[in-house]
Amino acid sequence: MCRPTYYTIAYEINPWMSLKRQADSRRALAQWEALHRLLTHRLGARVRLLPPRRGVPDLVFTANAGLLHGRTLIRSNFRFAERRKEEGSIASYFRRAGFRVVTLPRRYGFEGEGDALWMRGRLLFGFRFRSDAPAHEALARLVGAEVLPVELADARFYHLDTCFCPLDNRTALWFPGAFDRYGRRVIEQLVPDLISVTERDARRFACNAVAVGRHLVIQTGISSSLARRIERRRFALHPVELSEFLKAGGSAKCLVLHLNHISK
Amino acid sequence: MASEVVQVNGHIIDSLILPKVLDEIMDLDGTFEILEVTIGKRKTDTSAARLRIHAGSQRQLNHILKRIARLGAAPLYLKDVRLRQATKDGVFPHDFYSTTNLPTDVRFRGRWRAVSRIEMDCGVVIDPSTGAARCTPIANVRKGDWVVCGTEGIKLMPLQRARAPEVFQFMGSAVSSEKPKLQLIQRLAQEMRLIRRRGEKILVVAGPALIHTGSGPYLEKLIRGGYVHVLFAGNGLATHDIESALFGTSLGVQLERGEPVKDGHDHHMRAINAIRNAGGIRQAVRRGLLKRGVMHACVVRRVPYVLAGSVRDDGPLPDTLTDVLDAQEAMRRHIPGVGLALMIASTLHAIATGNMLPATVKTVCVDINPAVVTKLSDRGTFQGIGIVSDSESFLRELTRALRL
C-alpha cells in the first residue's frame, strides 16, 4: 500500500474525477489509515508500504503499479502521462525490495492488477480503456498461464477491478453491464458461482473489494441484498468508508497490490 | 474492393477474441477469408490466426482495421514504401519498382494509397506533400521526383474472380481459330450494353485493314449507335476511311465491287492532300468536304480519336501525332474510365494500347492472324478474349447483335 500523503485530485483521467470535487486530504488519510489498520490488525495481513512521492497523487492506487508473479513484478505501462510519472518510483522500490522488474513492450498499455486478476489458474485481463489487448500475449509468456482478454464496455468501469472481483476459487463478484456479450460469456464459462451486482452497487465500487481468506473488505453503502448474498457464501463483510478515494474512481482494491499471488 | 491481411495472436479462442474480430468485420459489412489458424495444443500455448479482410472501399477497410486493432488484430505488412529521388530527367533510380497492370496500392506514411492510372512497365512517383501516388512512364519522370523503390509496402490486388460465368471468363485466354464465334459475339454485345449502362467507356483500336475489307460502315454504325467512346488508330485507317468517303475506294480498290479503278493508286494521296488543305479532319467535316465514313462519324458524334503516326505514313494527316511520346500521352489521357477495349485488325496500336490498360479493363482482340491475338494475351491481358476472325464478318455480326 502507499500512504496518501500527497493524494489529491490533480487531473481528470476517468469519469469519476473532477477538479471541482476535491478530495479532503485529512479525511482521505483517516480513511486510508482505517483500511490499513483493518487489513493488518484485524485480518492479519502483512502490508509493505511504498513511500509516497510529491507530484504523483495516484501512487496510492498501488493495484495499478504492476502485477506480481512470484518474485517478479510486471511493471505497468500507464496509459496517461500523468500516471507514467509513477513508473520510476514503482520500479526502484521493487528493485530495492529484491524483486525482478520486467516490463511489457512500451507500445502496449498495461495497468497491472487493475486490469489483470487471477481466477481458477487463468489470468482474466480487462482491456480497452487502460490496457491494450495485444499485451495479453506477452503477459501470457511471462506468467506461463492462459490469459483471457475481455473488453471493458463502460468507461465508468475503466479497470477490470472496478467491475470484477474474485472471492475464492469458485466465486466472484461482477457487474455484467461493464462487459460486452463476449466478455460476459468468457466470464460465465470461467466462474462457476457469479454474484451479479446491481448498477447502484457497482457505482458504489462494490466490486472493488479485497478478499483476505473468508473476509471481504468492501466499500460501505452496498445494498443489503448484496451483503446477504455474499454472507450466504460464508464470507465475513468488513465495510470501510473510502469516499475520498471514490472521487478519484478507486476504492479498497485499488489501494492494495497483492504481493503473494499464487495462481490458484 | 480493398483488402488487407491481418494477424491476431494470443489466447484468442477461449477469450472469444477471434470470433469477436470476425463478428466485427461482418458487422461493419466487411468480409474475410481465414488464411491460417494455428491453435495452441496446451492451455498455455497461444494461437494465431491470419485473415484477409475485404471491404467495399479503402475508407471502409480503414474503419474495420481501426475497430479490430483494439482487439489486437494488426495488419501484417506494416512497412512503408521506400522512396528515392530521381537524379536525372527520364531516369528512374536503379532499383525502381516496375509496375504491373494490376490495381496497385502503396503504403506511404502509414496509409495505403491507390496508384492512379496504373499501367504496366512504368514506375510509381509519390508526391510527398499530398501522398498521391501516380503511375509514371519512364520518359515522364523528372529530376527530384520521389520514386518508389524495392518491393516493400506495395500491394497488388488480384482481380476478383467473377461470380457468374461471363464471357471474359468463359473463353479464358486460349486463342484458337476453331471456336464458335456467333455466341461469343452475342455475349460480347450483351457485355457492351452493360458497360455502356454502367457509364464506362468503350475504346476501339482499329487498323487500316478494317477499311480495306469494307467493314468501315459497320464501325461507323457502332460509332453512330453510341457504342464507341474513344477511337485509337493510325494515319492509315483515317486516310483510307477518308479516301473511301471521297472516292469510294480504299487504296484504289473500289469497295463496292472489289475492283481496282483506273488511276486509283493516287486516291489516298489526294485524300490526304484535301484534308491537309482543309486544315484537318474536323475542319473538313465542318466545311462539308467530308460527308461520311468513320472519321466523319467520330467528329459529328464527338467521339475523341487519337491518330498515332509511324515512319511509313504517307502525308500524314494534320490530325496525326507524329511524336510517339505525345501520342502515348494523348492515348493515356483517354484511358481512365474505359471498361472495354475492342482491338480490331491492328497489331502495333493494339499492343501499345494493351500496355497502357489496367488489368481491370476487359479486352477483345480480333484479328485474322492468330499470332497477333496470342501476342496480346501473352503480354498480360488478364480479362481478354481473342477472336481469330476477319474484321468484316466480326463487325457485321456485332452490329447485328447490337441491332444497329
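**Packing in the two chains**

In chain B, residues 24 or more positions apart make up 65% of the contacts with a separation of 6 or more. The model is a predicted one. Chain B has 404 residues, of which 43% count as buried, and its secondary structure comes to 14 helices and 19 strands.

One helix pair of chain B may be considered in detail. Helix H7 (residues 235-247) of chain B packs against helix H8 (residues 267-278) of chain B at an angle of about 95°, and their axes are 8 Å apart. Because angles of 65 to 115 degrees count as roughly perpendicular, H7(B) and H8(B) are described as roughly perpendicular to each other. On the side of H7(B), the contact is made by Thr239(B), His240(B), Ile242(B), Glu243(B), Leu246(B) and Phe247(B). H8(B) contributes His267(B), His268(B), Ala271(B), Ile272(B), Ala274(B) and Ile275(B).

Strand E7 (residues 111-116) of chain B and strand E9 (residues 133-136) of chain B run parallel and are joined by two bridges. Within E9(B), Ala133(B) is the residue that stands opposite Val115(B). Strand E8 (residues 123-126) of chain B runs antiparallel to E9(B), and four bridges join the two. Here Gly123(B) stands opposite Thr136(B) in E9(B). E8(B) and E9(B) form a hairpin with six residues between the strands, and in this hairpin Gly131(B) takes a positive phi near 80°.

In chain A, two sheets may be described in turn. The strands of one, an open sheet of three with mixed pairing, lie in the order E4-E5-E6 (chain A). Strand E4 (116-119) and strand E6 (147-151) of chain A are at its edges; each has a single partner strand, so one side of each is left without a neighbour in the sheet. From one strand to the next, the twist averages 30°. Strand E5 (residues 122-127) of chain A pairs with E6(A) in the parallel sense over five bridges, and Val150(A) in E6(A) is the bridge partner of Gly126(A). Helix H5 (residues 181-190) of chain A packs on this sheet and touches E4, E5 and E6 of chain A. The direction of H5(A) makes about 140° with that of E6(A).

The other sheet is also open and mixed in its pairing, with three strands in the order E10-E11-E12 (chain A). Its edges are strand E10 (210-212) and strand E12 (236-240) of chain A; since each has a single partner strand, one side of each is left without a neighbour in the sheet. The twist in this sheet averages 25° from one strand to the next. E10(A) pairs with strand E11 (residues 215-219) of chain A in the antiparallel sense over three bridges. Val217(A) in E11(A) is the bridge partner of Val210(A). Helix H1 (residues 25-42) of chain A packs on the sheet, where it touches E10, E11 and E12 of chain A, and its direction makes about 155° with that of E12(A).

The nonpolar interior comes next. In soluble globular proteins, nonpolar side chains tend to be buried together. The largest nonpolar core has 101 residues, and Leu124(A), Leu139(A), Ala206(A), Cys207(A), Ala209(A), Ala252(A) and Leu255(A) have the most contacts inside it. Beyond its neighbours within four places in sequence, Leu124(A) is in contact with Leu117(A), Met119(A), Leu148(A), Val150(A), Leu160(A), Phe164(A) and Leu190(A). Another core, of 71 residues, lies apart from the largest one and includes Val205(B), Ile272(B), Ala341(B) and Leu398(B).

Arg83(A) belongs to helix H2 (residues 81-84) of chain A. Because a residue with 20 or more other C-beta atoms within 10 Å counts as buried, Arg83(A), with 20 of them, is buried. Its C-alpha atom is separated by 8.7 Å from that of Pro57(A), 26 residues apart along the chain. Not counting residues up to four places away in sequence, Arg83(A) touches Asp58(A) and Phe78(A).

Finally, the two chains meet in a contact that takes 16 residues from chain A and 14 residues from chain B. Strand E1 (2-10) and helix H1 (17-27) of chain B each supply at least two residues of the side of chain B that touches chain A. The residues of that side are three nonpolar, seven polar and four charged.

Note on methods. Residues are numbered from 1 along each chain as its sequence is written. Chains are lettered from A and ligands numbered from 1 in the order in which they are written. This is a predicted model: local features need pLDDT of at least 70, side-chain atom pairs count only at pLDDT 80 or more; totals for chains, interfaces and linings use all residues. Two residues are in contact if their C-beta atoms, placed from the backbone, lie within 7 Å. Ala, Val, Leu, Ile, Met, Phe, Trp, Tyr, Cys and Pro count as nonpolar, Asp, Glu, Lys and Arg as charged, and the others, Gly among them, as polar. Two strands pair if DSSP finds at least two bridges between them. Axes are lines fitted to C-alpha atoms, for helices over the stretch in contact, and angles run from 0 to 180 degrees between N-to-C directions. Angles under 35 degrees count as roughly parallel, over 145 as roughly antiparallel, 65 to 115 as roughly perpendicular and the rest as oblique. A nonpolar core is a set of buried Ala, Val, Leu, Ile, Met, Phe, Trp, Tyr and Cys residues joined through C-beta atoms within 7 Å. A residue is buried if 20 or more other C-beta atoms lie within 10 Å of its own, exposed if 12 or fewer, and partly exposed in between; C-beta atoms are placed from the backbone.
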